[in-house]
Amino acid sequence: MLKYILKRLGLSILILLGVSLILYFLIRCMPVDFIRSKIDAMNQGGATIKPDAQVTMYTSYGLDVPEDVVEEYRNQLKTEGRLEELDKFNKEYGNDSGFVKMLKGYLGWLGKICRLDFGKSFKYGDNVVNVIKDNMGVSFAIALIATIFEFLIAIPLGITAATHQYSIRDYIVTILVMIGISLPAFFFGQVLKNLLAMKLGWFYPSGLVNAAVSGMTFWEQIVDYFRHLFIPILTVVILSIGGRMRMTRTNMLEVMNSDYIRTARAKGLKEKTVIYKHAFRNTLIPLVTSLAGLLPSLFSGAIITEQVFDLPGIGNIALQAMSAGDIPFIMGYNMFLALLSVIGVLLSDLMYAVVDPRVKLS
């Protein structure tokens, strides 16, 4: 077991290095210079960004400094008599090729990532780690509650659809599957919001708290959160149970036609014992595979749903940062999700030994 875990950890580190390399070079190859856009916006706001500050902004994120900024910086150093700094800058930067500059930038950025220094967000003006930490709670709460209800609803419905194939139950489950797979989140969320919030007035249409009311007790706050989050959670649950039900039903039908199931029935075992002890345990094997994406989904946020209901979750924050070209946040957020994905895959591999006694982790 320990040898297997160490082997998987080593492979996980290689995967993270590959993801970081791809992510960094994709950002470097983007045709838009977001730092230049930020500098221009600051200049239009009345601030004067000197060449040395511009060079610091580029180099701090491991990005190429444009040639015009390099020349302006050299002229500034010459004018101010900072010749030692000029010589040092020319040695470190001036003679390198584009690939060498990119490689140095990647290694510098990777070193900061290893120290959990994801840089400072352009848009939010705080460290990327702090921005993720401060806005992750809402997304995590929604995803966790929705995931619990998803499993509680989807798996039993998938089992009953498989054990009653071509019955009314099976057709109802099939319709729910089609709804969950076909409806887009922005459309279905808006329909629920108009019906339950706008017309019936049972819940709040957007936001997380009722800012118009102050001095609420603990239970009043709980009720307020419930009325704000019920529709978003309902949206996520209904749209996510379709795929889980279809997977459970398909795997259950395949297992129910196996020889060992017929043998168990021939021995005179009760149907519930055959279904839940013998068939369902083997159905869990492909379900465990799908759990690899569960961990990142708990923390990544439902971007579209949070946008529809104007929730201050990490998904909504990430979308705004991407729209604003917030390079540090984009790179840090994606590395955070990559780390969670690798951990999720590792946990999924370890779970195989629990649900499948044939698997020996060695």
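The questions and answers below concern how terms are applied to residues of this predicted model.

In this predicted model, local features need pLDDT of at least 70 and side-chain atom pairs count only at pLDDT 80 or more, whereas totals for chains, interfaces and linings use all residues. Residues are numbered from 1 along each chain as its sequence is written, and side-chain values use heavy atoms, with hydrogens and water left out.

Q: Why is D170 called buried?
A: Buried means under 20% relative accessible area, exposed over 50%, and partly exposed in between (1.4 Å probe, protein chains only). D170 has 2% relative accessibility, so D170 counts as buried. The residue lies in helix α8 (residues 168-182), where helices are DSSP runs of H or I with at least four residues, numbered from the N terminus.

Q: What makes the approach of the D170 side chain to the backbone nitrogen of Y166 a polar contact?
A: A polar contact is a pair of N or O atoms within 3.5 Å; within protein, one must be able to donate a hydrogen and the other to accept it, and residues adjacent in sequence count only if both atoms are side-chain atoms. A polar atom of the D170 side chain lies 2.9 Å from the backbone nitrogen of Y166.

Q: Which residues does D170 touch, not counting those up to four places away in sequence?
A: With contact meaning heavy atoms within 4.5 Å, D170 touches A161, H164, Q165 and R249.

Q: Why is M216 called partly exposed?
A: The relative accessible area of M216 is 22%, so this residue falls in the partly exposed class. M216 is found in the loop between α9 (185-199) and α10 (218-256), and, leaving aside neighbours within four places in sequence, M216 is in contact with Q221 and D224.

Q: How do you know that the span of helix α1 agrees with its number of residues?
A: The expected span of a helix is 1.5 Å times one less than its number of residues. For the 27 residues of α1 (residues 2-28) this should give 39 Å, and the end C-alpha atoms are 39 Å apart, so the two agree.

Q: What makes a set of residues a nonpolar core, and which have the most contacts inside the largest one?
A: A nonpolar core is a set of buried Ala, Val, Leu, Ile, Met, Phe, Trp, Tyr and Cys residues joined through side-chain atoms within 4.5 Å. The largest has 44 residues, and those with the most contacts inside it are Y24, W109, F329 and M331. Helix α16 (residues 327-355) gives the most to this core, with eight residues.

Q: Why is the pair of F203 and F226 called edge-to-face?
A: Rings of Phe, Tyr and Trp (its six-membered ring) pair if their centres lie within 6.5 Å; planes under 30 degrees apart count as stacked, over 60 as edge-to-face and the rest as tilted. The ring centres of F203 and F226 are 6.1 Å apart and their planes are at 65°, so the pair is edge-to-face. F203 counts as buried because its relative accessibility is 12%, whereas F226, at 47%, counts as partly exposed.

Q: What makes the pair of F226 and F230 tilted?
A: The planes of F226 and F230 stand at 55°, with 5.5 Å centre to centre, and the pair is tilted.

Q: How do you know that R227 lies over the face of Y204?
A: A charge sits over a ring if NZ of Lys or CZ of Arg is within 6 Å of the ring centre and within 35 degrees of the ring normal. R227 lies over the face of Y204 at 4.6 Å from the ring centre, and the charged end of K193 sits over the ring of F309, 5.6 Å from its centre.

How values were computed: Helix = DSSP H or I, 4+ residues; strand = E, 2+ residues; numbered from the N terminus.
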